[in-house]
Amino acid sequence: MMAHPAGQTAGPHGGTATTVPQVTPRPARATASAPRRVPVLTTKVGLQMPAKMAYDEWERAGRQLADVLDSSSWWLGDWMVYGKDHYTDRYQRGIRAAGLSYQTLRNYAWVSRRFDLGRRRPALSFQHHAELASMPVADQELWLDRAEQRQWTTKQLRGALRSARQGEQQPAAPAEPGRRRLEVPGSRLEWWHQAAQQLGVDFEQWVMATLDSAAATALEALGAAQRSEAAALTGVQDMKGLAEQRSRPVAISA
């Protein structure tokens, strides 16, 4: 059972109401100049908030709720990874029983697998990590350091990555002989990874097989078009020859 640091009270809609955890130490007993804080309670269907609430308390509650939302992505991702590793024939049944979105959990699990627990940066959001999940570990660490030191938002990180791919921040590495580097957006690469996982094949093998199949189809269609064009040209030439033959003068004996 998952432990919750927050306290629980009876909720108005059945079940329990959970107190949003406080990040500051509990204040001393209330005095006339320092009124006692009234906690914000979370329920399954909403928040119970005091009628009068100071702005700093309201802001603090928002930050704590955002932290819970971001952490839940990691929690669900790790939960999904554990289920796939330990209950390969039953984990999807557990997902249905929990009423969770399988596709969303697959995305969370993919990012969770790409970042071991010790490599995750608490100062950065789950989405920061998702933007970098498709990269090699060394590149992930480089960009995590930059995002953390410069306090980038997810949007700023995405923009820096885009600029780097376009060669504005770093020169492109020289390609190896016989090889060319293809820049692919992280979201599309993640989509391809999901397709390969769905089929249960290695990612690189899936990419090669898919591209080979697409190339074969395109070349086959091109060959068919060329053959059709050649046949049509031959037919035109045959008709032109027949017309020339019909237009030749014919000698008639008297």
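Residues are numbered from 1 along each chain as its sequence is written, and side-chain values use heavy atoms, with hydrogens and water left out. Because the model is predicted, local features need pLDDT of at least 70 and side-chain atom pairs count only at pLDDT 80 or more, while totals for chains, interfaces and linings use all residues.

**Exercise 1.** Determine at what angle the axes of helices α1 and α2 cross, and which residues make the contact.

Solution. Helices are DSSP runs (H or I, at least four residues), numbered from the N terminus, and axes are lines fitted to C-alpha atoms over the stretch in contact, with angles from 0 to 180 degrees between N-to-C directions. The axes of α1 (residues 55-86) and α2 (residues 91-98) come within 8 Å and cross at roughly 145°. Contact, meaning heavy atoms within 4.5 Å, is made by Trp79, Met80, Gly83 and Lys84 of α1 with Tyr91, Gly94 and Ile95 of α2.

**Exercise 2.** Classify Arg106 and Lys84 as buried, partly exposed or exposed, and list their contacts.

Solution. Buried means under 20% relative accessible area, exposed over 50%, and partly exposed in between (1.4 Å probe, protein chains only). Arg106, in helix α3 (residues 102-114), has a relative accessible area of 5% and is therefore buried. Leaving aside residues up to four places away in sequence, Arg106 touches Met80, Lys84, Gln194, Gln197 and Gln198. Lys84, which lies in helix α1, has 23% relative accessibility and so counts as partly exposed. With neighbours within four places in sequence set aside, Lys84 is in contact with Tyr91, Arg106 and Arg113.

Notes
Helices (H or I, at least four residues) and strands (E, at least two) are DSSP runs, numbered from the N terminus.
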